[in-house]
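Open the model in your viewer and keep the sequence panel beside it. This tour says what to select at each stop and what is there.

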Amino acid sequence: MNTLTNRYLAATLRSVPAPRREEIASELRASIEDMIEDRTGGGQDATTAEREVLTELGNPDLLAAQYADRRLQLIGPTYYLVWLRLLKLLLSFIPALAGTVVAIVTAAEGKGFGAIGTGIVVALHVFVHICFWLTLVFALIERSHTTVDLPEWTVDQLPDTPVRRGIPLADTIASVIMLVLTIGYLPFQHYQSWVRDTDGDNIPILDPALWNFWLPALIVVLVASVIFEVVKYRIGRWTWALFGTKVLLNLAFAVPLAWLALSDRLLNPALGVRLSWLAEADNRNSLGLAIALGAAVVVVWDLVDTAIKTRRQTA
């Protein structure tokens, strides 16, 4: 008969081991009938009592897992923390390392800016593969009931009490990465840019004549900025001396950049051969003004934000 009880039994028994199905069916049917009898004995309608009893027993798949002693989880509490710790460790550097190596190799092959996209795609692929294969390994260990001797937790593993720093590590890392990328781009654009002449040869974005003085000088300022970021993090908070140093470094980079842009000495004159709109003086002047204003806005914003932080941390 297609009663609710029979349907519930069928849904439960399909997920339990075949040798135990008859035993579980008899036990479960008897339990259901007893529970229904208790309710009808109190004057409740049999149909309503049956529906309420089955609702109280809950999802048949969950009940079947309890009968079969089967875990309804991919990775249980025994291995979860080990899995999570190892996953975080591997994801913290392997995808970025793989993507960087591939991007460098691709760039060396003459792919230019396309190497960046290739590196990002590889990093994402590695990220997904690490998540999948590590999770699969732990899931198989969980279901094979393999005994793994995990080290017992002790109080010696407790981390030190975190010290509140005014200079977050994440901010320092981000700043250093941006500075290093900028330093690397200056010589990189000289040999690999997105602009080519009619013969397919590279056209540098910046005027090659700047290598006589200005580009090396700007690189020195950027290297000094990297050192400043490390020193700032070691000190742990903003001071007025650090603020003054940052003002000097920002002006040492932004003022020459703005002057070169406004005097039409920043960009390579050869760009006008391939980019017709740069061949007109008005367009070059407008672009130079935009670069100078952009540099000024960034410097002012950065220094105002830094001054506010310094005032708070020295109060």
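The stops below run from the whole chain to single residues and pairs.

**Before you start**

This is a predicted model, in which local features need pLDDT of at least 70, side-chain atom pairs count only at pLDDT 80 or more, and totals for chains, interfaces and linings use all residues. Residues are numbered from 1 along each chain as its sequence is written, and side-chain values use heavy atoms, with hydrogens and water left out.

**Stop 1: the whole chain**

Select the protein chain. It has twelve helices and zero strands. Helices here are DSSP runs (H or I, at least four residues), strands are runs of E of at least two, and both are numbered from the N terminus. Of the 315 residues in the protein chain, 30% are buried. Buried means under 20% relative accessible area, exposed means over 50%, and partly exposed lies in between (1.4 Å probe, protein chains only). The protein chain exposes about 20,500 Å², and carbon and sulfur atoms supply 64% of that area. Accessible areas come from the Shrake-Rupley method with a 1.4 Å probe; for residues, only the protein chains shown count as cover.

**Stop 2: helices α1 and α2**

Select residues 4-13 for α1, then residues 21-40 for α2. The two helices pack at an angle of about 145°, with axes 10 Å apart. Axes are lines fitted to C-alpha atoms, for helices over the stretch in contact, and angles run from 0 to 180 degrees between N-to-C directions. Which residues of α1 meet α2? They are T5, N6, Y8, L9, T12 and L13. On the α2 side, the partners include L28 and I32.

Now pick out T12 in α1. Is T12 buried or exposed? T12 counts as buried, because its relative accessibility is 0%. Leaving aside neighbours within four places in sequence, T12 is in contact (heavy atoms within 4.5 Å) with L28, P60, L63 and A64. The cover over the buried residues of α1 includes α2, α3 (46-57) and α4 (60-68).

**Stop 3**

Select R39 and E52. They form a salt bridge, with the closest N and O atoms 2.9 Å apart. The term means a side-chain nitrogen of Lys or Arg within 4 Å of a carboxyl oxygen of Asp or Glu. R39 lies in α2 and E52 in α3, so the pair ties together parts that are 13 residues apart in sequence. The structure holds eight salt bridges.

**Stop 4: a nonpolar patch**

Select L86, L89, F93, L97, V101 and V105. They make a nonpolar surface patch of about 520 Å². Patches are made of residues with over 30% relative accessible area and no salt bridge; like charges are joined within 9 Å, nonpolar side chains (Val, Leu, Ile, Met, Phe, Trp, Tyr) within 5 Å. Helix α6 gives the most, with three residues. L89 is in helix α5 and counts as partly exposed at 49% relative accessibility.

**Stop 5: D264 and its partner**

Go to the loop between α10 (240-262) and α11 (271-274), where D264 is found. Its phi is near 60°, a positive value in a residue other than glycine. Most residues other than glycine have a negative phi. Next, select R284, which forms a salt bridge with D264 at 3.0 Å between the closest N and O atoms. R284 lies in helix α12 (residues 281-314), so the pair ties together parts that are 20 residues apart in sequence.
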